[in-house]
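My notes follow in the order I made them.

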Amino acid sequence: MFSFNKSTVPAVAALLLALTLPAGALAEEAAGSAAKDPLKEASEVAKEQQQKALSHQSQHPANIAVLRVNGAVITKLDMDRALKVMLAQSQVKQPLAPEAQKEAESAVLEQLTSVELLYQEAAKLEIPDLDKQVNDKVSLNRAKFKTDEEFIEALKSVDMTMQDMQDFTRKDIVINNFIEQKFTAKAAATDAEAKKFYEENKDQYFKQPEAVRASHILVGADEKATPEERKRAKERAEALLKRVKAGEDFAAIAKAESSCPSASQGGDLGAFGHGEMVPAFEKAAFALKKGEVSGVVESEFGYHIIKVTDKQEAGAEKFENVKDKITDFLKRQKVQQEVSSLVDTLRKTAKIEKE
C-alpha cells in the first residue's frame, strides 16, 4: 500500500516529540471533555513533586552543559533523553558498545544542534496566542491521565518535569508555525512532477499483488472430528450449497448457518492475497471469477462454500488513484529540503561550543 511519512518537520525536530508519555500510564479513557490546565489546577502533591524534581535536577550531574549553541545550553540530560528516543525509534538493542555509544551521542548532539538553530530562527516570528497554544496542548496530554500524580510520575519516567513539558511543547509549536508559514504554505508540486515520480517508483511503491475478496459459509469439523462427524459436516455443507445454487441469499445463509466468526458479516472475509489463507481455501478462491460460487471445499477447519465478491489483478495502481498522495509527498519533500538547507546556512554563522 502506498504510504509516506506525513511529517512536515525535519527529522531533527522529531526529537521534540519525546513528549509522548509511556503507554502503560495512559488511562483507558480521557479524563473528561473539559481538560484541566495542569499549571493552574495541579494538586498540591503534584506541585510539591515537581519542585523537588526541579531542585534535584539543578544539582544533578546530568544537567552539566555538553554544548552551547549561540549561548543556548544543551545538557547531558538533553542528550541522554534524545538518545533514548533515537534508539527506541530505531529499535536498537541496548546497552551499546562503547564505540557505538560514542557515535550515537555524536549523532544526537548534531540533531539537537539543528533543532536549537531552527528554534532560534523560528522564534523570530511572533505567535500572538503562543502561551494559550502551549497550555492547550499540555492540557490535552494531561487529560489522558486520571490524576495529577499519575501525570507527574509519567513525566518523571521519561526524565521530564512539568517545565520540561512546557518548554518542549513551546519549541514544537514555534518550529511548526515557522515551517508552515515560511515553507509549507508556499510548497507546490506539478502534475508532471507527480507523474515522473510515479513512473520512476512504480515497482517500489505502486505494485498491487493479485488479491480476492471472498465470503464463505463454514461447516466446522476440525482435526479432532471423527470420520463420521466429518461425513455429516460434508453432507450438511452440500445441502447448504444446494440452497445457494437454488437462489437463496448467500449472506443470509452464512449468517444463519456458518460456524465461522465471519457469519455476523454475512461470511465476508475481506480481501486477501496469496499466502494468507490455508492452501485448499486459497486455491479454490483464486480459481473463481468475480461473482462465482465454489463447490464444497475441504480444509482442516471443515467444509467451505466460497463466493468471490471482488478480484484485483496483479499490476500497478493507476496514477489517477495515487496522484494526490504523490503530490502531497512531493510537497513535504520540498519542505524538508528547504528546512535542511536553512539549517545548513544557520550552522555557518552559528557559535557552537563543545564543553
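**Aromatic pairs**

I searched the whole structure and got nine aromatic pairs. The rule I used takes rings of Phe, Tyr and Trp (its six-membered ring) and pairs them if their centres lie within 6.5 Å; planes under 30 degrees apart are stacked, over 60 edge-to-face, and the rest tilted. I looked at phenylalanine 178 and phenylalanine 183: their ring centres are 6.0 Å apart and their planes stand at 85°, so I logged the pair as edge-to-face. Both phenylalanine 178 and phenylalanine 183 are buried. Buried here means under 20% relative accessible area, exposed means over 50%, and partly exposed is in between (1.4 Å probe, protein chains only).

I then took phenylalanine 272 and phenylalanine 281. Their ring centres lie 6.1 Å apart with the planes at 55°, so this pair is tilted. Phenylalanine 272 and phenylalanine 281 are buried too. I also noted a cluster: ring pairs link Phe197, Tyr198, Tyr205, Phe206, Phe319 and Phe329.

**Ground rules**

The model is predicted: local features need pLDDT of at least 70 and side-chain atom pairs count only at pLDDT 80 or more, while totals for chains, interfaces and linings use all residues. Residues are numbered from 1 along each chain as its sequence is written, and side-chain values use heavy atoms, with hydrogens and water left out.

**Whole chain**

I counted 12 helices and nine strands in the protein chain. These are DSSP runs numbered from the N terminus: helices are H or I with at least four residues, strands are E with at least two. Of its 355 residues, 40% count as buried. The chain exposes about 20600 Å², and carbon and sulfur atoms supply 51% of that. The areas come from the Shrake-Rupley method with a 1.4 Å probe; for residues, only the protein chains shown count as cover. Among contacts with a separation of 6 or more, 75% are between residues 24 or more positions apart. A contact means heavy atoms within 4.5 Å.

**Helix α7**

Which residues of helix α7 are buried? In α7 (residues 191-200) I found Ala194, Phe197 and Tyr198. They cover an arc of only 100° around the axis, which puts them on the same side of α7. The arc is taken from the directions from the helix axis to the C-beta atoms. An α-helix has 3.6 residues a turn, so residues three or four places apart point the same way. The face turned away from the buried side of α7 carries exposed Ala192 and Glu200. The cover over the buried residues of α7 includes α8 (202-205), β8 (315-316) and α12 (319-349).

I followed α12 next. Leucine 330 is in helix α12. Its relative accessible area is 8%, so leucine 330 is buried. Beyond its neighbours within four places in sequence, leucine 330 contacts Ala189, Glu193, Ala194 and Phe197. Leucine 330 and glutamate 193 are 137 residues apart along the chain, and their C-alpha atoms are separated by 8.2 Å.

Threonine 327 also lies in α12. With a relative accessible area of 12%, threonine 327 is buried. Threonine 327 touches Ala189 and Ala194, not counting residues up to four places away in sequence.

**Strands**

I checked the partners of β7. Strand β4 (residues 211-220) runs antiparallel to strand β7 (residues 302-312), and 10 bridges join them. Strands pair if DSSP finds at least two bridges between them. Arginine 213 stands opposite aspartate 310 in β7. Strand β6 (residues 293-299) is also antiparallel to β7, with five bridges. A hairpin through two residues joins β6 to β7. Glutamate 298 stands opposite tyrosine 303 in β7.

**Two polar residues**

Aspartate 148 lies in helix α5 (residues 148-157). Aspartate 148 has 8% relative accessibility, so it counts as buried. Its side chain makes a polar contact of 2.8 Å with that of arginine 142. A polar contact is a pair of N or O atoms within 3.5 Å; within protein, one must be able to donate a hydrogen and the other to accept it, and residues adjacent in sequence count only if both atoms are side-chain atoms.

Is glutamine 181 buried or partly exposed? At 42% relative accessibility, glutamine 181 is partly exposed. Glutamine 181 lies in helix α6 (residues 162-182). Not counting residues up to four places away in sequence, glutamine 181 touches Leu125 and Lys186.
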